[in-house]
Amino acid sequence: MKSSNGDNFTDNDPMAETEFGSETSGRAGEGRIQESACKSSSAAADTWEQTRQKATVARERTEFFLRENPVPTVLGALALGLAIGLAIRYASRPEEPAVSIRNPLKEVDWQAMSLPFLWPFFRSIKRRYEDSAEAVKEGIERVKEVDVDRYVKPLHKQWKSWTK
């Protein structure tokens, strides 16, 4: 629309402006926002693509290394698991308070009381020792009397027949 003096109403119209600026500047602002959003979106997509390619290459190199070196890999995993297990064990073990037990009978002099009570014990040990020594002597005598040739000759004959 034109005024009587030939001016455009839209150019000078105070109603054409909104509370946040003119309509034309709002549209330009939206365009700039969309443009910056597209730029940031494309930059993020490029960064994501580069990261994905690097991760793929790292995964492939890791797989190749693991397939070429299985023994160090297994031993390394075993050592790592052992280290983690020990760390968890010692980190989670509660502190045990040191308990000292006092023995009230520790300070008693037992030498004076021990001899009368221990004489029968010593006598029975001596008798048992003598009995066991006698048994060993008798066993040795019996072994000396065994006729070894009686048992060895048949085996010797059998062995000769097998080896001929």
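**Reading surface features in a predicted model**

Analyst: Start with one residue. E35 has a relative accessibility of 46%, and therefore counts as partly exposed. Keep in mind that this is a predicted model.

User: Where does the cut-off for "exposed" lie?

Analyst: Exposed means over 50% relative accessible area, and buried means under 20%. K39 is exposed, because its relative accessible area is 53%.

User: How many residues of the chain, in percent, count as buried?

Analyst: Of the 164 residues, 2% are buried. The chain exposes about 16,100 Å². Carbon and sulfur atoms supply 60% of that area.

User: What is the overall layout of helices and strands?

Analyst: There are 5 helices and 2 strands. Along the sequence they run α-β-β-α-α-α-α.

User: Which elements have the lowest and the highest mean pLDDT?

Analyst: General idea first. Where pLDDT is low, the predicted coordinates should not be read in detail. Now the case here. The chain averages a pLDDT of 76, and 68% of the residues score at least 70. Strand 2 (residues 21-22) has the lowest mean among the elements, at 48. Helix 3 (residues 70-92) has the highest, at 88.

User: Now charges. How many salt bridges does a search of the whole structure find?

Analyst: The idea is simple. Side chains of opposite charge can pair when their charged atoms come close. In this structure the search finds 3 salt bridges.

User: Take K39. What is its partner, and how far apart are the closest N and O atoms?

Analyst: K39 pairs with E35, and the closest N and O atoms are 3.6 Å apart. The cut-off is 4 Å, so the pair counts. Both residues sit in helix 2 (residues 23-68). They are 4 residues apart, about one turn of the helix.

User: Which residue does E49 meet in a salt bridge?

Analyst: E49 meets R52, at 2.9 Å from N to O. This pair also lies in helix 2, with a spacing of 3 residues, about one turn. E49 is partly exposed, because its relative accessible area is 33%. R52 is partly exposed too, at 45%.

User: And R59 and E63: how many residues apart are they in helix 2?

Analyst: They are 4 residues apart, which means a separation of about one helical turn. Their side chains form a salt bridge at 3.2 Å, N to O. R59 has a relative accessible area of 45%, so R59 is partly exposed. E63 has 35%, so E63 is partly exposed as well.

User: On to surface patches. Which residues form the nonpolar patch?

Analyst: A residue needs over 30% relative accessible area to join a patch. Here the nonpolar patch consists of F117, L118, W119, F121, F122 and I125. Together they have about 640 Å² of accessible area.

User: Take I125. Is this residue buried, partly exposed or exposed?

Analyst: I125 is partly exposed, because its relative accessibility is 39%. This residue lies in helix 4 (residues 111-144).

User: Which residues gather in the patch of negative charge?

Analyst: E130, D131, E134 and E138 gather there, on the surface. Take E134 as one of them. Its place is in helix 4. E134 is partly exposed, because its relative accessible area is 44%.

Methods
Residues numbered from 1 in each chain as written. Predicted model: local features only at pLDDT ≥ 70, side-chain atom pairs only at ≥ 80, totals over all residues. Heavy atoms only, no water. Patch = residues over 30% accessible without salt bridge, like charges linked within 9 Å, V, L, I, M, F, W, Y side chains within 5 Å. Areas by Shrake-Rupley, 256 points an atom, 1.4 Å probe, with all protein chains shown as cover. Buried < 20%, exposed > 50% of the residue type's maximum accessible area, 1.4 Å probe, protein only. pLDDT = per-residue confidence, 0-100. Lys, Arg positive; Asp, Glu negative; His and termini not counted. Charge placed at Lys NZ, Arg CZ, Asp CG, Glu CD.
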